[in-house]
Amino acid sequence: MRLFLLASLLLIPAAVRAQSAAPEQLPDAFIAAWNAHDIEAFRKLYAPDATWVPSAEERTEGREAILGEFSKVHQGNGWAVTRKVALAIKGKPKVRMLRPDVAVIFFRMDFLADGKVAPDQHRTLILVAGKSGDGWRISAGQLTK
């Protein structure tokens, strides 16, 4: 029975299981959620009171509002779906521990259209993550050029 449970856990993608076990895992989990257009995977990444700043003109407060914005992009006729837009991490993410339960994560990424790097679509994502009882969640994030 234990072997069956272990095998089952290994077959479930990390982005679906729970939030990240370490802050270093958040960039890959974010990319996996984006590329799968998986709103539930995003839900597991964000703290309930998270803040998301996708551009200088926009600020979204709270996980449910953030998920609403991601839904516009990733469901139905959202641009990430219709344009087949994916993300790829560029280089190695940097993690700075501010406290044992708070980290800042900095990473660069490219937008891919039909598997090719989209010109002038290089971005940097800065995340502030906090450790909760069952893992690390994004408390704040800003996407920037």
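The buried residues of helix H5 pack against H3, H4, E1, strand E2 (58-61), helix H6 (79-82) and E6, where buried denotes a relative accessible area under 20%, exposed one over 50% and partly exposed the range in between (1.4 Å probe, protein chains only), and where a contact requires heavy atoms within 4.5 Å. The structure is a predicted model, in which local features need pLDDT of at least 70 and side-chain atom pairs count only at pLDDT 80 or more, whereas totals for chains, interfaces and linings use all residues. Residues are numbered from 1 along each chain as its sequence is written, and side-chain values use heavy atoms, with hydrogens and water left out. Helices (H or I, at least four residues) and strands (E, at least two) are DSSP runs numbered from the N terminus.

The residues of H5 that are buried are Arg-63, Ile-66, Leu-67, Phe-70, Val-73 and His-74. Viewed down the axis of H5, these buried residues fall within an arc of 115°, so they line one face of the helix; the arc is that of the directions from the helix axis to the C-beta atoms. After H5 comes Gly-76, with a positive phi near 60°.

The chain as a whole contains six helices and six strands, arranged along the sequence in the pattern α-α-α-α-β-β-α-α-β-β-β-β. Of its 145 residues, 37% are buried, and among contacts with a separation of 6 or more, 48% involve residues 24 or more positions apart.

A nonpolar core is taken here as a set of buried Ala, Val, Leu, Ile, Met, Phe, Trp, Tyr and Cys residues joined through side-chain atoms within 4.5 Å. The largest such core has 32 residues, and those with the most contacts inside it are Phe-30, Trp-34, Phe-42, Leu-45, Tyr-46 and Phe-70. At least two residues of this core come from each of helix H3 (26-36), helix H4 (39-45), strand E1 (46-55), helix H5 (63-74), strand E3 (85-99), strand E4 (102-113), strand E5 (116-132) and strand E6 (135-144), with H3 giving the most, six residues. The buried residues of H3 are Leu-26, Pro-27, Ala-29, Phe-30, Ile-31, Ala-33 and Trp-34. Leaving aside residues up to four places away in sequence, Trp-34 touches Phe-42, Phe-70, Val-73, His-74, Trp-79, Ala-80, Val-85, Ala-86, Leu-87 and Phe-111. Just after H3, His-37 adopts a positive phi of about 55°.

Strands E3 and E4 pair in the antiparallel sense over eleven bridges, pairing being assigned if DSSP finds at least two bridges between two strands. Val-85 stands opposite Ala-113 in E4, and a hairpin of two residues joins E3 to E4. Lys-94, which is found in E3, is exposed, with a relative accessible area of 54%; not counting residues up to four places away in sequence, Lys-94 touches Val-104, Ile-105 and Phe-106. The bridge partner of Phe-106 is Ile-126 in E5. Strands E4 and E5 likewise run antiparallel and are joined by eleven bridges, forming a hairpin with two residues between them, in whose turn Asp-114 has a positive phi of about 50°.
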